[in-house]
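Hello,

Here is the structure I promised to pass on to you. Have a look at it first, and then read my notes below.

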Amino acid sequence: MLTGFNHLTLAVSQLPRSVEFYHQVLGFKREARWARGAYLSLGELWLCLSVDQVRPEDLRRNYTHYAFSIGQADFAAFARRLRERQVPLWKQDKSEGQSLYFLDPDGHPLEAHVGDLRSRLAACRASPYEGMEFFD
């Protein structure tokens, strides 16, 4: 049986650039690095960066993305830091809880989100999506 999320591996084209982005810009902790990869962590999240071919056409622009939690008190400063570093955005926020949708140096779609599943479900109960049902 599965017990939870284990790790996230992202293919990256330039390891130093990606390590700098995830460590310096997003605040991940560096754990280990080798010639073709690196391990970083953010709370309980284990992130593996692995050097591989990355082509923009492989990262199709749909709603598949990786979201990280951020506190409401830190959101404005985080958004400002991304703007100052000219990190590109890929989507506008339209759901419960503040979100900032941005791209890493290789174009992986990421999100910083205020809130959690409980707050999202509470908002959905107040204003359900079309055809939505809840399982209590």
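Two strands count as paired if DSSP finds at least two bridges between them. Helices (H or I, at least four residues) and strands (E, at least two) are DSSP runs, numbered from the N terminus. Please keep in mind that this is a predicted model, in which local features need pLDDT of at least 70, side-chain atom pairs count only at pLDDT 80 or more, and totals for chains, interfaces and linings use all residues. Residues are numbered from 1 along each chain as its sequence is written, and side-chain values use heavy atoms, with hydrogens and water left out.

Let's begin with the sheet. It is open and has 4 strands in the order E1-E4-E3-E2, with mixed pairing. Strand E1 (8-12) and E2 are at the edges with a single partner strand each, so one side of each has no neighbour in the sheet. From one strand to the next, the twist averages 20°. (Axes are lines fitted to C-alpha atoms, for helices over the stretch in contact, and angles run from 0 to 180 degrees between N-to-C directions.)

Now follow the chain through two hairpins. Strand E2 (residues 29-34) and strand E3 (residues 37-42) run antiparallel, joined by 5 bridges, and the hairpin they form has 2 residues between the strands. Here Arg33 stands opposite Ala38 in E3. Next, E3 pairs with strand E4 (residues 45-51), also in the antiparallel sense, over 6 bridges. Leu40 faces Leu47 in E4. This hairpin too has 2 residues between its strands, and Gly43 in the turn has a positive phi of about 60°.

Helix H1 lies across E1, E2, E3 and E4, and runs at about 170° to E2.

Which residues of helix H2 (residues 72-84) are buried? They are Phe75, Phe78, Ala79 and Leu82, where buried means under 20% relative accessible area, exposed over 50%, and partly exposed in between (1.4 Å probe, protein chains only). Seen down the axis of H2, these buried residues fall within an arc of 100°, so they line one face of the helix; the arc is that of the directions from the helix axis to the C-beta atoms. On the other side of H2, Ala73 and Glu84 are exposed. The cover over the buried residues of H2 includes helix H1 (15-25), strand E7 (99-103) and strand E8 (109-113), with contact meaning heavy atoms within 4.5 Å.

Happy exploring!
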